[in-house]
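Me: I have a model open and want to learn how to read it. Where do I start?

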Amino acid sequence: MEKRIVESDPLRNTPESFNTLSVDEIGDDHLFKGIATPMLPQAFLKTDEEKIASIAGHFKAIMETLGLDLSDDSLAGTPQRVAKMYVQEIFSGLDERNKPKIALFENKYRYGQMLVEKNITFYSNCEHHFVPIFGKVHVAYISSGKVIGLSKLNRIVNYFAKRPQVQERLTMQIAGEMESVLNTKDIAVLIDAKHLCVSSRGIKDDNSATITAYYGGRFSDDAVKNEFLNYLNLNTTYV
Ligand SMILES: Nc1nc2c(ncn2[C@@H]2O[C@H](COP(=O)(O)OP(=O)(O)OP(=O)(O)O)[C@@H](O)[C@H]2O)c(=O)[nH]1
Ligand SMILES: [Zn+2]
């Protein structure tokens, strides 16, 4: 039985951890098996500083291959900037040590309806072209005894967004993490996103958007699913 690796594995940066590393292999016998981001066994042998130095060198070569003059003061720092941005910002969710710590509370209020956190803004990057995917994520769950700190739902979304992604996997990773953390199958995730690889290049369709959804447990029921979808259409004025 393969278990998921907890966030703070002290062996993380040692060669002995080669065979135990896997990122977000969630559960062992249900549909979230196999949704892990494909990673090399040696993914965490380099420190972040070593990764930044290595990526900066490669990116410098890409820029020079394109013919750019890196002695220009505006371009000179770009390889280092891009490398730092990859490791510390837009791909920081590849490292489980950056997974948000989740605060759960007892459902003392006996709140039994769904909780919807809608319009979670996310920025990710397409793993095929390395250009942005961005949009909104809407999530919901029905408590099985615990409630989650609201901001942690946003943090779960952002953690998985900060990887090279396809929208389908992002949807399933968020759903899998919510199922695992909240100990319930009653989970819904809906992502409505723009892919710059579709709008700014290639087919150059600026109008289309991509919607993916996951409905688990009671959300497979049409009435429950429709309640969730109806909440997304509420037009509240907040201020
Ligand atoms: N299913 C899925 N496809 C994606 C996602 N993001 C990008 N893609 C698609 O991945 C595909 C990659 O296709 P390729 O034919 O290998 O790449 P390409 O030659 O750049 O294709 P074009 O984008 O059509 O120019 C494209 O059709 C993208 O639109 C995603 O999140 N999910
Ligand atoms: Zn793409």
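Reply: Start with the kind of model. This one is predicted.

Me: How many helices and strands are there in the protein?

Reply: The protein has 6 helices and 7 strands. Read from the N terminus, the order is α-α-β-β-β-β-α-β-α-β-α-β-α.

Me: Which domains does the domain assignment give?

Reply: Domain 1 covers 48-92 and domain 2 covers 104-232. Their C-alpha centres are 32 Å apart.

Me: Now the sheet. In what order do the strands of the open sheet run?

Reply: The general idea comes before the case. Strands of a sheet pair through backbone hydrogen bonds, either parallel or antiparallel. Here 5 strands make an open sheet with mixed pairing, in the order 5-2-3-6-7.

Me: Why is one side of strand 5 and of strand 7 left without a neighbour in the sheet?

Reply: Strand 5 (164-165) and strand 7 are at the edges, and each has a single partner strand, so one side of each lacks a neighbour in the sheet.

Me: In which sense do strand 3 and strand 6 pair?

Reply: Antiparallel, over 9 bridges. Find Val139 to see one partner: its bridge partner in strand 6 is Val189.

Me: Which strands does helix 4 touch as it packs on the sheet?

Reply: Helix 4 touches strand 2, strand 3, strand 5, strand 6 and strand 7. Its direction is at about 155° to that of strand 6. Helix 6 (residues 222-232) lies across strand 2, strand 3, strand 6 and strand 7. Helix 6 runs at about 70° to strand 2.

Me: On to the inside. How many residues does the largest nonpolar core have?

Reply: Again, the general idea leads. In soluble globular proteins, nonpolar side chains tend to be buried together. In this structure the largest nonpolar core has 30 residues. Those with the most contacts inside it include Val139, Val157, Ile174 and Met178. Strand 2 (114-126), strand 3 (132-142), helix 3 (150-161), helix 4 (167-182), strand 6 (187-195) and strand 7 (210-215) each give two or more residues to this core. A second, separate core has 5 residues, among them Ile52, Ala56, Ala83 and Val87.

Me: What does Val139 touch, beyond residues up to four places away in sequence?

Reply: Its contacts are Glu117, Ile120, Leu153, Ile174, Met178, Ala188 and Val189.

Me: How much of the protein is buried?

Reply: Of the 239 residues, 26% are buried.

Me: Which residues does UniProt list under "binding site"?

Reply: An unreviewed UniProt entry lists Cys126, His129 and Cys197. They are spread over 72 residues of sequence, yet cluster in space, with a largest C-alpha distance of 7.5 Å.

Me: Where does Cys126 lie, and where does His129 lie?

Reply: Cys126 is in strand 2. His129 is in the loop between strand 2 and strand 3. Cys126 touches Val131, Ile133, Gln165, His195 and Cys197, leaving out residues up to four places away in sequence.

Me: Why does Cys126 count as partly exposed?

Reply: Count the neighbours. Cys126 is partly exposed because 17 C-beta neighbours lie inside 10 Å, and a buried residue needs 20 or more. His129 is also partly exposed, with 16 other C-beta atoms within 10 Å.

Me: What about Glu106: where is it found?

Reply: Glu106 is in strand 1 (residues 104-106). Glu106 counts as exposed because it has 9 C-beta neighbours inside 10 Å. Glu106 and Ser143 are 37 residues apart in sequence, with 9.7 Å between their C-alpha atoms.

Notes. Residues numbered from 1 in each chain as written. Chains lettered and ligands numbered in written order. Predicted model: local features only at pLDDT ≥ 70, side-chain atom pairs only at ≥ 80, totals over all residues. Core = buried A, V, L, I, M, F, W, Y, C linked by C-beta atoms within 7 Å. Buried ≥ 20, exposed ≤ 12 C-beta atoms within 10 Å, placed from the backbone. Helix = DSSP H or I, 4+ residues; strand = E, 2+ residues; numbered from the N terminus. Contact = placed C-beta atoms within 7 Å. Domains from an automatic or database assignment. UniProt positions renumbered as here; feature names shortened; annotations may be inferred. Pairing = 2+ DSSP bridges. Axes fitted to C-alpha atoms, helices over the stretch in contact; angles between N-to-C directions.
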